[in-house]
2 protein chains.
Amino acid sequence: MSIDQARSARSLGTGPRLGSRASREAILLAARTRFAKDGFSGSTIRGIAGDAGVDASLVMQYFGSKNELFAAVIASGPNTMSQIAEAFDGPEDCLGERVTRAFLEVWDGDPVESEPLQALLRAAIGSEQATTQLKELIQERVLVDLGPRLQHDADMKTRIEIASSMLVGVVVGRRLVGLDALVRQDRDSLVGYIAPAIQAILSAESSDVSSVTSSAAPSRSTAAHGSIPVI
Amino acid sequence: MSIDQARSARSLGTGPRLGSRASREAILLAARTRFAKDGFSGSTIRGIAGDAGVDASLVMQYFGSKNELFAAVIASGPNTMSQIAEAFDGPEDCLGERVTRAFLEVWDGDPVESEPLQALLRAAIGSEQATTQLKELIQERVLVDLGPRLQHDADMKTRIEIASSMLVGVVVGRRLVGLDALVRQDRDSLVGYIAPAIQAILSAESSDVSSVTSSAAPSRSTAAHGSIPVI
DNA sequence: CAAACTTCTCAACAATCGTTGAGAAGTATG
DNA sequence: CATACTTCTCAACGATTGTTGAGAAGTTTG
């Protein structure tokens, strides 16, 4: 039977190689840019298809749905997270600078890397529903890379999450919101401002602020002499 | 003429005071919550009206359009920004703690204050178009309060924008994304982690990181002895 | 050429959106 | 009661959305 023939010799290739995967790539590129710029609900399949020079139904045929297209865009980014995660390794006295620089470099770099992150961030902050939907994706792509580095103590995990949130905030202000003073600064001077603070988060001791709050203050007693504003 | 009568004695009150302004308040409350939770494009007028127990057209009658309703929600928040801005005044050696605490208090506090900020943040990050639309509103509500405090030098303006972005990042991770380690911490221990870093941003000297980058390093030389991890 | 196959477009569906106009329902004034 | 006014609902509009099914256009195999 012809069906069995086609099934046994799967995709033996009688058809054309017209646009083939070129259209698929064009769709993915257009989707990446539009999701990064307009967010998820702000982007339309018709608009993406138009940018790719393709009919909207072809997008559905390749990716199934808008959600799956978005997932494909997020998955299309290369190893940006491991690039950031690697910065957590190495000597501790310049940890703040390395991590800060890694963050800024990824977001200033190739759109292939930064645009999926923009899209993920816009979507994740856009609504509570999207947040919970994307939370496992965030934890997967962030904490899987960062995980082995913070297995030691829960305190270090907290520090890393705080430092990462701070750097995300800076990047949001600089690249998404476009705050004047942040956009004006070049990368190196920004690192000069930020790295000491990140260093303080990642290496200093959690000092108790108010009166009681007995819980905190774990173990490390070496704090705040040379390690904080060092870089 | 009756028209002139009604115009001269404006709203002399022949009509009913049924729901009167109660429905308006209900709409505003429902809109505030939904915009904070679902973002701008994720919220629908029909949904807001449903929460308020009211028809959708009444929303239009009171607020004109979805955009104006959103603007009313944003304007409904009290003086939250000035509350944060006031934290920038006072002795410099505990600046980081005051500012950090003010940020976290506003976001942990009354929904009347925090939800309009959530809505503004979600909308502003949601898409590039919304960002540019809301940027002047952000600058208006943030920098008008903060402005007088940073008139002195451009360097301080940069520092304040960086510190604010960082704190927004922390708040986003804690209240919007819901990162585990950040949600678990209570406010005081969070301040213990964060305040030294904010203090470093707001008071330390911008140290040159790499080799060249001649520009930076302005004037202040007092840095990093007791003021940074003090709280 | 004919048949099989892939690539892509056209037209339309059903749902939902913001928005509008007309008119009930009810209360004050004459 | 009759009139004027406010408050609110009903029904519908036009536009846009994601999504679908059928069928052109073109390429390879027999």
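**A close look at B:Glu113**

Reply: Setting aside neighbours within four places in sequence, B:Glu113 is in contact with B:Pro78, B:Thr80 and B:Gln83 (contact means heavy atoms within 4.5 Å). This is a predicted model, so local features need pLDDT of at least 70 and side-chain atom pairs count only at pLDDT 80 or more, while totals for chains, interfaces and linings use all residues. Residues are numbered from 1 along each chain as its sequence is written, chains are lettered from A and ligands numbered from 1 in the order written, and side-chain values use heavy atoms, leaving out hydrogens and water.

B:Glu113 sits in helix α8 of chain B; helices are DSSP runs of H or I with at least four residues, strands are runs of E with at least two, and both are numbered from the N terminus. Between the C-alpha atoms of B:Glu113 and B:Ile74 there are 9.7 Å, although 39 residues separate the two along the chain.

Helix α8 of chain A also holds A:Glu115, whose side chain meets that of A:Arg32 in a salt bridge (2.7 Å, N to O). The rule asks for a side-chain nitrogen of Lys or Arg within 4 Å of a carboxyl oxygen of Asp or Glu. Because A:Arg32 lies in helix α2 of chain A, the pair ties together parts that are 83 residues apart in sequence. Over all chains the count is 20 salt bridges, yet between chain B and chain A it is 0.

What the two chains do share is 11 residue pairs in polar contact, both residues at pLDDT 80 or more. Such a contact is a pair of N or O atoms within 3.5 Å; within protein, one must be able to donate a hydrogen and the other to accept it, and residues adjacent in sequence count only if both atoms are side-chain atoms. On the side of chain B that touches chain A, the elements giving two or more residues include α8 (111–126). α10(B) gives the most, with 14 residues.

The area buried between the chains is about 5000 Å², with 65% from carbon and sulfur atoms; this is the accessible area (1.4 Å probe) that the two parts lose on being put together, summed over both. The contact takes 56 residues from chain B and 57 residues from chain A.
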